[in-house]
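Work through the exercises below with the sequence and the model side by side. Try each task before reading its solution.

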Amino acid sequence: MRIAVHGASGFTGSLVVTELVRRGFTPVLVGRDETRLRAVAARTEILDPQIRVARLDDIDALAAAFADTDAVINTAGPFTQWGEPVVRAAIAAGRHYLDTTGEPAYLQHILTTYDEPAKAAGIAVIPAVTDDGVPGDLIAALTAARLDAPLGQIVIADLRRPGAASRGTARSMAAIMVDEQIEYRDRAWVSVHESDTTVHEPGETAPVDVSPLALPGVYTIPRHLDVPVVRGVMRTEVGVLFAALNAEVAETLPEAPDAAERAASRWCMLAEATDVNGARVRGWAGGVDAYASTAVIAVEAARRLVAPGAPAGTLAPAQAFDAGSFLTYLAGTGMTWQVEEVAIV
């Protein structure tokens with residue numbers, strides 16, 4: 001299996017390349033700087049590196065770089081600035097597309113703009129194939145499936161702890177934290193109605209303060225679940241740190257966070273579904289080192305898309321993959337997940 005990694009010389013891109021090599025797949029390194037691409041190939045000990053140089057303003061060159069691959073993983077952000085040409089090139093080449101965006105407005109733009117072109121090309125386009133986008137969407141699907149009555153609400157919570165952030169993450173968060181926060185309510189995406197609240201983190205007794213944030217699930221969950229309300233929230237102390245970021249501060253951070261800090265970091269995506277009768281079920285998925293987890297998730301998603309019978313169009317993770325099977329695979333790599341009934345409220 002040959003997987004193109006656009007932005008392979010960046011921090012996330014190099015992690016994806018490393019994971020592809022670990023699993024015995026062939027990475028095709030794509031970007032603007034041949035010297036940096038060759039450095040990644042050397043660090044990952046690729047003996048016969050496949051390197052393609054193409055600029056974002058040359059869609060034909062990008063499409064040609066992807067033409068003999070099985071799928072494209074785009075890791076070069078901020079995606080609002082640089083992502084769309086790669087989507088267009090993947091569609092032109094007829095190759096499945098995934099990316100590692102954490103930018104919700106961009107995610108929604110891709111989902112709504114490229115569905116018909118992706119279907120016409122016979123490929124899948126799945127943005128936000130990350131530690132929050134995929135586990136959050138899949139655990140929401142499994143949580144909702146445990147309820148018998150119609151759904152009333154789903155809350156999706158990012159409960160990651162404070163920890164190391166890459167320059168790329170800081171750039172993206174500096175951009176989205178100034179955006180108006182959005183939730184899904186009454187079958188439409190609207191400005192947030194709710195204020196700060198609390199949720200219960202698995203394994204902890206004290207409630208966690210959380211603040212509204214338009215996580216990927218706010219846009220992806222309504223694509224596969226009939227639910228009138230989807231709210232996204234993030235641990236407030238982490239949200240405060242992200243809110244303090246701006247473009248200048250982001251540029252002072254290292255491209256790659258300290259390895260020890262990454263290894264000590266924890267992430268957790270919690271989904272809580274409530275039906276119209278008040279029955280409540282929650283589920284969660286989590287692990288350590290969100291960046292390494294994202295690389296594992298992206299590579300496994302690409303592998304599953306390449307398999308025969310993959311659907312076409314712009315897709316939420318739960319539309320493209322069997323939720324239980326995917327999360328069970330992740331559990332085999334050290335991540336955890338669980339679904340449990342809570343109570344009648």
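**Exercise 1.** How many of the 5 residues of strand β1 (residues 2–6) are buried?

*Solution.* The model is predicted, so local features need pLDDT of at least 70 and side-chain atom pairs count only at pLDDT 80 or more, while totals for chains, interfaces and linings use all residues. Residues are numbered from 1 along each chain as its sequence is written, and side-chain values use heavy atoms, with hydrogens and water left out.

Step 1. Buried means under 20% relative accessible area, exposed over 50%, and partly exposed in between (1.4 Å probe, protein chains only). Strands (E, at least two residues) and helices (H or I, at least four) are DSSP runs numbered from the N terminus.

Step 2. In β1, 4 of the 5 residues are buried, so the strand is largely enclosed by the rest of the structure.

**Exercise 2.** Find the partner of β1, then place the strands in their sheet.

*Solution.* Step 1. Two strands pair if DSSP finds at least two bridges between them. β1 and strand β2 (residues 26–31) pair in the parallel sense over 5 bridges; Val28 in β2 is the bridge partner of Ala4.

Step 2. The open sheet has 7 strands in the order β3-β2-β1-β4-β5-β6-β15, with parallel pairing. Its edge strands, β3 (50–53) and β15 (313–314), each pair on one side only.

Step 3. Further along the order, strand β5 (residues 96–99) pairs in the parallel sense with strand β6 (residues 124–126) over 2 bridges. Leu98 stands opposite Ile126 in β6.

**Exercise 3.** Which residues line the largest cavity, and which element gives the most to the lining?

*Solution.* Step 1. On a 1 Å grid over the protein atoms alone, a cavity is a set of points where a 1.4 Å probe fits but cannot get out, and lining residues have an atom within 4 Å of a point. The search of the whole structure finds 1 cavity of 30 Å³ or more, and about 40 Å³ of space lies in the largest cavity.

Step 2. The lining consists of Pro135, Trp267, Ala285, Gly286, Leu327, Leu330, Ala331, Met335, Thr336 and Trp337. These divide into 8 nonpolar, 2 polar and no charged residues.

Step 3. At least two lining residues come from each of β14 (279–288), α16 (323–331) and β16 (336–344). α16 gives the most, with 3 residues.

Step 4. Of the 10 residues of β14, 8 are buried, so this strand is largely enclosed by the rest of the structure. β14 pairs with strand β13 (residues 266–275) in the antiparallel sense over 9 bridges, and Gly286, one of the lining residues, stands opposite Cys268.

**Exercise 4.** How many aromatic pairs does the structure hold? Describe two of them.

*Solution.* Step 1. Rings of Phe, Tyr and Trp (its six-membered ring) pair if their centres lie within 6.5 Å; planes under 30 degrees apart count as stacked, over 60 as edge-to-face and the rest as tilted. The structure holds 5 such pairs.

Step 2. The ring centres of Phe79 and Tyr106 are 5.8 Å apart and the planes are at 40°, so the pair is tilted. Phe79 lies in helix α4 (residues 79–82) and Tyr106 in helix α6 (residues 104–113), so the pair ties together parts that are 27 residues apart in sequence. Phe79 and Tyr106 are both buried.

Step 3. Phe321 and Phe326 also form a tilted pair, 5.1 Å centre to centre with 50° between the planes. Phe321 counts as buried at 6% relative accessibility, and Phe326 counts as buried at 0%.

Definitions and conventions. 1 Å grid on protein atoms, 1.4 Å probe; cavity = no way out; pocket = protein on both sides within 12 Å on 5 of 7 lines; lining within 4 Å. Points joined across faces, edges and corners; volume = space filled by probe spheres on them. Nonpolar A, V, L, I, M, F, W, Y, C, P; charged D, E, K, R; others polar.
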